[in-house]
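The following paragraphs lead through the structure of a single chain. The reader is asked to keep the sequence and the model in view throughout.

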Amino acid sequence: MPRSGKTTTPDGVPTLLDDVFPALANPVRRRILQLLLQGPQSVNNLAAHFDMARPSVSEHLKVLRDSGLVTERKVGRERHYSLCRAPMQEISNWLHPYELYWQERLRLLRDTVVEEENERQGR
């Protein structure tokens, strides 16, 4: 799994984030990841979902593989692709503080709206 080493955790460990976010920027690659949620699939099976040539889908798969988001396994004459958990977990871990922040902000907004509504109704 390639690691660019551009971003590190607070303890200096390289992360996958610099490789993963550019790979996720493309809607075709995000759709491929959605399809792979169903389980490992061949290039031909994945290509059947797109209005593009199989080599184009293979290029997208290469980007996903190079970013560490998918793995490739040769099965006979076909290549099968599967999701990799580690990069998705790293994204989730990175996003978690922001999710908590916005949940708290929305809770405070809801409380303010409820309080103002109660004041308006004379409660």
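At what angle do H1 and helix H5 (residues 85-120) pack, and how far apart are their axes? In this predicted model, the angle between H1 and H5 is about 95°, and their axes lie 10 Å apart. With such an angle, H1 is roughly perpendicular to H5, because angles of 65 to 115 degrees are placed in that class. On the side of H1, the contact is formed by Leu17, Val20, Phe21 and Leu24, and on the side of H5 by Pro87, Glu90, Ile91 and Trp94. Sorted by class, this contact of H1 with H5 comprises seven nonpolar residues, one charged residue and no polar residues.

These two helices belong to a chain that contains five helices and three strands. The chain has 123 residues, of which 28% are buried. Among the contacts in the chain with a separation of 6 or more, 47% join residues 24 or more positions apart.

The strands may be considered next. Two strands of a sheet pair through backbone hydrogen bonds, in either a parallel or an antiparallel manner. Here the three strands form an open sheet in the order S1-S3-S2, with antiparallel pairing. S1 and S2 are the edge strands, each of which pairs on one side only. H4 packs on this sheet and touches S2 and S3, and the direction of H4 makes about 120° with that of S2.

The pairing can be followed residue by residue. Strand S1 (residues 41-42) is joined to strand S3 (residues 78-83) in the antiparallel sense over two bridges, and Gln41 has Tyr81 as its bridge partner in S3. Strand S2 (residues 70-75) runs antiparallel to S3 and is connected to S3 by six bridges. Within S3, Leu83 is the bridge partner of Val70, Tyr81 stands opposite Glu72, and His80 stands opposite Arg73. S2 and S3 form a hairpin with two residues between the strands, and in this hairpin Gly76 adopts a positive phi near 65°.

Which residues have the most contacts inside the largest nonpolar core? That core holds 21 residues, and those with the most contacts inside it are Ile32, Leu46, Val57, Leu61, Leu64, Leu69 and Tyr81. At least two core residues are supplied by each of helix H1 (17-24), helix H2 (27-36), helix H3 (43-47) and helix H4 (54-67). H2 provides the largest share, namely five residues.

Leaving aside residues up to four places away in sequence, Leu64 touches Ala23, Arg29, Ile32, Leu33, Leu69 and Val70. Of these, Ile32 and Leu69 are themselves listed with Leu64 among the residues with the most contacts inside the core.

Conventions: Residues numbered from 1 in each chain as written. Predicted model: local features only at pLDDT ≥ 70, side-chain atom pairs only at ≥ 80, totals over all residues. Heavy atoms only, no water. Core = buried A, V, L, I, M, F, W, Y, C linked by side-chain atoms within 4.5 Å. Buried < 20%, exposed > 50% of the residue type's maximum accessible area, 1.4 Å probe, protein only. Helix = DSSP H or I, 4+ residues; strand = E, 2+ residues; numbered from the N terminus. Contact = heavy atoms within 4.5 Å. Axes fitted to C-alpha atoms, helices over the stretch in contact; angles between N-to-C directions. Parallel < 35°, antiparallel > 145°, perpendicular 65-115°, else oblique. Nonpolar A, V, L, I, M, F, W, Y, C, P; charged D, E, K, R; others polar. Pairing = 2+ DSSP bridges.
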